Amino acid sequence: MASTNETTGGGVDLEAVTQRVRDLSEQVVAQARKNGLAFLEGYERVLKNMLDLEEQAAKGTGQDWATTLATTHANFVRETSEVWLGVMKDQMRR
């Protein structure tokens, strides 16, 4: 009995092999996108928590300049990462 990769004459069925490789490649790409998206979403949560902590720590000093500096830095990182992460997540969803 011939396997799915062999023709009845004993040769290799290149179309079947090619299709199996395509199917496997599509599965690998789909899983990589899913994992990449999960990573980006996790990174986004961690970054948000770190920036919140930075602002809280600065407020805890009681120094207005430290609070202003930390808030400005946190806002800059939030805004730039929002754009960058948004683009990357859009790419992963395609």
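Start by selecting Asp-90 and Arg-93, which form a salt bridge with their closest N and O atoms 3.7 Å apart. A salt bridge here is a side-chain nitrogen of Lys or Arg within 4 Å of a carboxyl oxygen of Asp or Glu. Asp-90 and Arg-93 are 3 residues apart in helix H2, so about one helical turn separates them. Helices are DSSP runs of H or I with at least four residues, numbered from the N terminus. Asp-90 is partly exposed, at 42% relative accessibility; buried means under 20% relative accessible area, exposed over 50%, and partly exposed in between, with a 1.4 Å probe and protein chains only.

A note before going on: this is a predicted model, in which local features need pLDDT of at least 70 and side-chain atom pairs count only at pLDDT 80 or more, while totals for chains, interfaces and linings use all residues. Residues are numbered from 1 along each chain as its sequence is written, and side-chain values use heavy atoms, leaving out hydrogens and water.

Next, select Arg-78 together with Asp-52. Their side chains meet in a salt bridge at 2.9 Å, N to O. Arg-78 lies in helix H2 and Asp-52 in helix H1, so the pair ties together parts that are 26 residues apart in sequence. Glu-55 in helix H1 and Arg-78 in helix H2 are 23 residues apart. Is Glu-55 buried or exposed? Glu-55 is buried, with a relative accessible area of 13%, whereas Arg-78 is partly exposed at 25%.

Now select helix H1, residues 14-61. Helix H1 has 48 residues and reaches 70 Å from its first C-alpha to its last, close to the 70 Å expected at 1.5 Å a residue (1.5 Å times one less than the number of residues). Among its buried residues are Gly-36, Leu-40 and Leu-47. The buried residues of H1 pack against helix H2 (64-93). Just after H1, Gly-62 takes a positive phi of about 80°.

In helix H2, pick Thr-67. Thr-67 counts as buried, at 19% relative accessibility, and touches Ala-58 and Lys-59, not counting residues up to four places away in sequence. Contact means heavy atoms within 4.5 Å.

Finish at Phe-39 and Tyr-43. Phe-39 is exposed at 56% relative accessibility, and Tyr-43 is partly exposed at 39%. Being 4 residues apart in helix H1, Phe-39 and Tyr-43 are separated by about one helical turn.

Terms used
Helices (H or I, at least four residues) and strands (E, at least two) are DSSP runs, numbered from the N terminus.
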